[in-house]
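I opened a new notebook page for this structure. My plan is to look up a few things and write each one down.

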Amino acid sequence: MISSSEQQAVDAAITSRRSIRAFLPTPVAREDVEAILQVAARAPSGTNTQPWKAYVLSGAAKERLCARIVATYKDPEQNSQHTEEYAYYPREWKSPYIDRRRKVGWDLYALLGLTRDNKAGMAAQHARNFTFFDAPVGMIFTIDRIMEQGSWLDYGMFLQNIMVAARGRGLDTCPQAAFTQFHRLIAEELKLPDNEMVVCGMALGVADTSKIENSLISEREPLANFVKFME
C-alpha cells in the first residue's frame with residue numbers, strides 16, 4: 001500500500017510528462033541516466049524477454065551523429081535515399097487520427113510563428129529533431145529483429161518508464177521517431193550489429209522554459225470517448 005503523497009508524486013510524474021523541444025545545456029550526470037534506465041528496466045515484458053537496448057550519447061559522440069544526420073537531412077538528394085525501416089504511422093490516415101495529428105502540428109507551428117507556406121521554417125524545425133533539440137543526452141533505442149509485435153508493446157512500456165522516471169528527477173524528455181528515417185546512418189555511426197533495428201531516439205535533459213515551443217501541452221480525449229465500463 002502506498003501513501004497518498006506517493007500516489008500524488010507518481011501521478012504528477014506521469015501527467016507532467018510532455019515532449020520538450022528545447023533544452024538547456026545543463027549536464028545530466030551519468031549516475032542519473034543509469035538510475036533512470038535501471039528503474040525503467042522494471043517494465044513488464046512477455047516471459048521476461050526484456051527486448052530493449054539503449055545507446056546513450058553525449059559530448060563528441062552525440063555531436064558526430066547529429067552532424068551527420070543533419071547534413072543528410074538538409075541535402076535533398078541524400079535525404080531521398082533514406083526511408084524508415086518500419087511504418088510508425090498508418091499508411092492511410094482517417095479521422096479522428098488525422099485530425100489530432102494536424103491539430104498538434106499546427107498548434108506547435110503557430111507558437112513558433114510558422115505559417116503553412118513557410119516550408120523552409122517547418123523543415124528547419126524538423127531538423128532540430130536530429131540535434132536532440134540541443135539536449136545534453138541523446139538516446140537511441142534498438143530491438144532484435146527476431147522479436148515480434150508483442151515485444152514492441154513491451155518496449156513502449158520501457159520507454160514510458162524512462163520518461164516518467166526522468167520527470168521524477170526533474171528532467172524532461174522528447175521521444176523521437178524521426179530518427180528512424182536515418183537508421184542506416186545510425187547503424188554505421190554506432191556500429192550496430194546486423195540483428196538490431198532502430199526503434200526510436202529520445203532527448204533527455206533540463207527543459208528551457210523560456211522557449212515558446214515548450215509551452216505546448218497537447219490535448220487528451222475525455223475518458224468517455226475511449227473507455228467503456230461493462231458490469
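**Entry 1: the cysteines**

I started with the sulfurs of this predicted model. The sulfur of Cys-174 has its closest cysteine sulfur in Cys-200, 10 Å away, which is too far for a bond. I then checked from the other end. For Cys-200 the closest cysteine sulfur is that of Cys-174, again at 10 Å and too far for a bond. A disulfide would need the two sulfur atoms within 2.5 Å. So I wrote down zero disulfides by this rule.

Are these cysteines buried or exposed? Cys-174 has 4% relative accessibility and counts as buried. Cys-200 has 8% and counts as buried too.

**Entry 2: the overall layout**

Next I listed the secondary structure. The protein chain has eight helices and four strands. From the N terminus on, I read the order as α-α-β-α-α-α-α-β-α-β-α-β. The radius of gyration is 18 Å, close to the 17 Å that the globule rule gives for 231 residues, so the chain is as compact as a globular protein of that length. Along its principal axes, the C-alpha trace spans about 55 × 40 × 40 Å.

How much of the chain is buried? I noted 39% of the 231 residues. I also looked at contacts between residues at least 6 apart in sequence. Of these, 83% join residues at least 24 apart.

**Entry 3: surface and charge**

The accessible surface of the protein chain comes to about 14,000 Å². Carbon and sulfur atoms account for 53% of that surface. I counted charges next. There are 27 positive and 28 negative ones, and their mean positions are 3 Å apart.

I went looking for exceptions here. Most residues other than glycine have a negative phi, and most peptide bonds are trans.

Where is the cis peptide bond that I noted? It runs from Ser-95 to Pro-96, with omega near 10°. I placed Pro-96 in the loop between helix H4 (76–79) and helix H5 (97–111).

Then I turned to phi. Thr-47 has a phi near 50°, a positive value in a residue other than glycine. Thr-47 sits in the loop between helix H2 (30–40) and strand E1 (53–57). Thr-47 is exposed, with a relative accessible area of 78%.

Phe-133 also went on the list. Its phi is near 50°, a positive value, and Phe-133 is not glycine. I found Phe-133 in the loop between helix H6 (119–127) and strand E2 (137–144). Is Phe-133 buried or exposed? Phe-133 counts as buried, at 2% relative accessibility.

I went back to the loop between H2 and E1, where Ser-45 lies. Ser-45 is buried, with a relative accessible area of 15%; the cut-off for buried is under 20%.

Which residues does Ser-45 touch, leaving aside neighbours within four places in sequence? I listed Gln-50, Pro-51, Trp-52 and Asp-154. Ser-45 and Asp-154 are 109 residues apart in sequence. In space, C-alpha to C-alpha, they are 5.0 Å apart.

**Recap**

The disulfide count is zero. The bond from Ser-95 to Pro-96 is cis. Thr-47 is exposed, whereas Phe-133 is buried.

Terms used: Residues are numbered from 1 along each chain as its sequence is written. This is a predicted model: local features need pLDDT of at least 70, side-chain atom pairs count only at pLDDT 80 or more; totals for chains, interfaces and linings use all residues. Side-chain values use heavy atoms; hydrogens and water are left out. Buried means under 20% relative accessible area, exposed over 50%, partly exposed in between (1.4 Å probe, protein chains only). Helices (H or I, at least four residues) and strands (E, at least two) are DSSP runs, numbered from the N terminus. The radius of gyration is taken over C-alpha atoms; the globule rule is 2.2 Å times the number of residues to the power 0.38. Contact means heavy atoms within 4.5 Å. Accessible areas come from the Shrake-Rupley method with a 1.4 Å probe; for residues, only the protein chains shown count as cover. Lys and Arg count as positive and Asp and Glu as negative; His and the chain ends are not counted. The place of a charge is taken as NZ of Lys, CZ of Arg, CG of Asp or CD of Glu.
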